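Trainee: Could you help me learn how to read a protein model, one feature at a time?

Mentor: Gladly! Let's look at it together.

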Amino acid sequence: MQQQKKRIAIFGSTGSIGTQALDVIEANPDLFEVEILTAHTNDELLVQQAIQFNPNAVVIVDERKYEKVKQALASTDVKVFTGEQSLEEVAAFDTYDMMLAAIVGFAGLKPTLKAIENKKAIALANKETLVVAGDIVMQKAVENRVPVIPVDSEHSAIFQCLVGEARNKIDKIILTASGGPFRGRKPNFLLNVKRDHALQHPNWSMGAKITIDSATLMNKGLEMIEAKWLFNLAPEQIQVVIHPQSIIHSMVQFEDGSIKSQMGLPDMKLPIQYAMAFPQRIPNNFPRYDFKKINTLTFEEPDLKTFRNLALAIDALAKGGNLPCIMNAANEIAVWAFLRNRVGFLDMTDIIEKAMNHVKFIAKPTLDEYLESDAEARNYTASLIQM
Ligand code: NAD
Ligand code: MG
């Protein structure tokens, strides 16, 4: 019997994760087909993708680009939507099987929640969704019996280590971090770092926001919080170790002291295809890790005094409530400002810390309170930067 193709809705199809997911789909036409594609502003790439993959619907969030996209796709039967609200509208469609949540930042939260309510499986790249409202997202996933399969490479590694271990307790997880381009540097160096330097990641090629987050180590902080919700862990069960080669993608230690890891060359297509095809593994011709070529794997402690964003995230993880949400919002604005040379590298940390101290702490927020905390943190942060 021929296998039914999985119908994928890629939210954020024009980004780094989105385009790599389309490469995976293109390489596996018997397994996957594209049902929905969404983009924020990149109309040209969206149109090109729509012509190649012929989805049922596309969203161009930026309303100024709507007519252009509509015209470019006039000879096709692709439905074109626009505006922020339409992301949720198409997430409510019944015609897809899995959402690949690959929008960057807080903007991914509402469409992902809608897909979960719509009982669609989630392949989750958008870690900010769990940082902002992880308790609500995971609770809704349980209620709707929706699998949330991680795409983030560390979490994919942990997820892969946990296959077959459902009855076994996790002692702790060890998230690996490359350390980013400024590993080993001290604050007097970081003071003068500019965006172009920070955008050069040693091991991964990614979108601008996550690349800056990797340079500040905020990315690892967001990932600690993401791991807490995905794997239902206490903060003290989550450890970070710097591993500059990015070959071990993360590890799980069980109660007997045994440690499992998932390894390979750094290539996001692997966790993307694993999440999309789970529980199946699909063959590919990606380059393989060769122990003879990279024969030294090293590990070191993260420098929390220099990379204070990670310390702030550890604090947010421990205190919980709306603090991770506040931190995330302030970080999004701070990174935005850094990318436009409006604030310095170390200013980002000060700004985030101020926002975390300023916005009122709520121990058990409702969804509306998370949304309000996000908005308040953004406004306050923007006022600090005088945007
Ligand atoms: P990116 O900037 O390359 O792409 C972002 C995508 O989201 C684009 O398609 C863009 O059109 C869309 N988008 C941006 N702002 C939007 C908005 N306000 N509303 C609607 N759509 C919007 O980002 P990326 O590197 O692909 O990362 C996507 C997500 O995956 C992030 O949450 C990131 O942390 C996570 N992630 C990425 C990588 C990676 O290798 N790139 C690895 C692990 C996790
Ligand atoms: Mg990661």
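Mentor: Keep in mind that this is a predicted model. Let's start with one residue: leaving aside neighbours within four places in sequence, G15 is in contact with A102, V104 and G207.

Trainee: Where is G15 found?

Mentor: You will find G15 in the loop between β1 (6-11) and α1.

Trainee: Does G15 count as buried or exposed, and why?

Mentor: The idea is to count neighbours: a residue is buried if 20 or more other C-beta atoms lie within 10 Å of its own. G15 counts as buried because it has 24 C-beta neighbours inside 10 Å. Now try N42, which lies in the loop between β2 (32-39) and α2 (43-53). With 17 C-beta neighbours inside 10 Å, N42 counts as partly exposed.

Trainee: What does UniProt say about G15 and N42?

Mentor: An unreviewed UniProt entry places the feature "binding site" at several positions, including G15, N42 and G207.

Trainee: Which residues come nearest to ligand 1?

Mentor: Of the 27 residues around ligand 1, those that come nearest are G12, G15, H40, M206 and G207. By class, this shell has 13 nonpolar, 10 polar and four charged residues.

Trainee: Which domains supply the shell around ligand 1?

Mentor: At least three residues of the shell come from each of domain 1 (6-150) and domain 2 (155-318). As for helices, α1 (16-27) and α10 (208-216) each supply at least two residues of the shell.

Trainee: How do I read a helix such as α10?

Mentor: Here is the general idea: an α-helix has 3.6 residues a turn, so residues three or four places apart point the same way. Next, ask how much of the helix is covered. In α10, seven of the nine residues are buried, so this helix is largely enclosed by the rest of the structure. Among the buried ones are I210, D213 and T216.

Trainee: What covers the buried residues of α10?

Mentor: The cover includes α9 (195-198), α11 (218-231), α13 (308-319), α14 (323-339) and α15 (345-358).

Technical notes. Residues are numbered from 1 along each chain as its sequence is written. Chains are lettered from A and ligands numbered from 1 in the order in which they are written. This is a predicted model: local features need pLDDT of at least 70, side-chain atom pairs count only at pLDDT 80 or more; totals for chains, interfaces and linings use all residues. A residue is near a molecule or strand if its C-beta atom, placed from the backbone, lies within 6 Å of it. Helices (H or I, at least four residues) and strands (E, at least two) are DSSP runs, numbered from the N terminus. Ala, Val, Leu, Ile, Met, Phe, Trp, Tyr, Cys and Pro count as nonpolar, Asp, Glu, Lys and Arg as charged, and the others, Gly among them, as polar. Domain bounds come from an automatic or database domain assignment. UniProt positions are given in the numbering used here, feature names are shortened, and annotations may be inferred rather than shown by experiment. A residue is buried if 20 or more other C-beta atoms lie within 10 Å of its own, exposed if 12 or fewer, and partly exposed in between; C-beta atoms are placed from the backbone. Two residues are in contact if their C-beta atoms, placed from the backbone, lie within 7 Å.
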